Amino acid sequence: MPSSTGYAKVNGLEMYYEQHGGADGSKRPLVLLHGGVLTVDLTFGAVLPALSESLAGRRLVAPELQGHGHTADTDRAMTVPNLASDVVALLDELGIPQADLFGFSLGGLTALEVAVRHPERVGRLVLASTHYHQDGYHDEVRTPDYSSPLLPSQDDFREMTDAYKAVAPDPEHFQDFLAKCSTAAQAPLPWTSDDLHALSSPTLLVIGDTDFVRVEHAAEMQRLIPSARLAVLPGTTHMSLMRRTALLLPMLEEFLG
């Protein structure tokens, strides 16, 4: 359970966020950014309790992005730059000058945009299942073939639907929201190889060996980002990555601690 929850007025949103762990002002907060169509709990539920305990004293902040979970959608386009702008505005609202960022999938794209455009706001950067160019995805992900084992199953979609309807301000908005997320996921990404090469934050890249992201693309990102580390988790799909706690937690504790 979070130690507190709240809503922040940012860029026309009533943005929901949770806070976990302590509030040691001498330690950089950690901001956790969930995946597309997911909630904080669906993305980080398996890892957050142990991470909060192992990073004792650290303030953990987990918002829900535009249209996701408790945060109502607006008429604004859902784009990576817009989502990143919301995160920066939330940091301002919470009085956080600099934070470590841990983003998964759409949350990873958002974290990367914050790090590229606002490097002074980011300490350490964890990008899970994150690409920097659309050809970083496997073909069957960019042009969905729902028979592919790389893609979410019917049970995964049912879980997403149930989680949304349980907390969303407008539970009947799910199909429109899903279409908006799909458009955001397929849009051109706003970075070049030079942007990655200019990153100043120590960076940990994590993907599954059968993720949406091609292993070769993740290896290219590691070469481009100065001193980046890359972990490829065996036997791991996109949807299972954040539940591989036995593999994730030691890496996260060492990198973030």
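**Notebook: pockets, a helix and a core**

I began with the second largest pocket, which has a volume of about 220 Å³. A pocket here is an open set of points on a 1 Å grid over the protein atoms alone, with protein on both sides within 12 Å along at least five of seven lines; lining residues have an atom within 4 Å of a point. The volume is the space filled by probe spheres set on the points, which are joined across faces, edges and corners.

The model is predicted, so I noted its limits: local features need pLDDT of at least 70, side-chain atom pairs count only at pLDDT 80 or more, and totals for chains, interfaces and linings use all residues. Residues are numbered from 1 along each chain as its sequence is written, and side-chain values use heavy atoms, without hydrogens and water.

**Second largest pocket.** I listed its lining, which includes Met1, Glu18, His20, Asp41 and Phe44. Strand E2 (13-21), helix H1 (40-44) and helix H2 (48-54) each supply at least two lining residues. Helices (H or I, at least four residues) and strands (E, at least two) are DSSP runs, numbered from the N terminus.

**Largest pocket.** Next I looked up the largest pocket, with a volume of about 590 Å³. It has 25 lining residues, and Val37, Cys181, Ser182, Ala185 and Phe212 are the closest to its centre. Which helix gives the largest share of the lining? I found H7, with 5 residues. Helix H7 spans 174-186.

**Helix H10.** I then turned to residues 245-256, where Leu248, Leu249, Leu252, Phe255 and Leu256 are buried (under 20% relative accessible area; exposed is over 50%, with a 1.4 Å probe and protein chains only). Why do they line one face of the helix? Seen down the axis of H10, these buried residues fall within an arc of 145 degrees, so they share one face. The arc is that of the directions from the helix axis to the C-beta atoms. On the face turned away, I found exposed Ala246 and Glu254. The buried residues pack against H2 and several strands, including E3 (30-33) and E5 (99-104). Contact means heavy atoms within 4.5 Å.

**Core.** Last, I checked the largest nonpolar core, of 80 residues. Such a core is a set of buried Ala, Val, Leu, Ile, Met, Phe, Trp, Tyr and Cys residues joined through side-chain atoms within 4.5 Å. Phe102, Trp191, Met242 and Leu252 touch the most other members. Helix H3 (residues 80-93) gives the most to this core, with 8 residues.

How values were computed: 1 Å grid on protein atoms, 1.4 Å probe; cavity = no way out; pocket = protein on both sides within 12 Å on 5 of 7 lines; lining within 4 Å.
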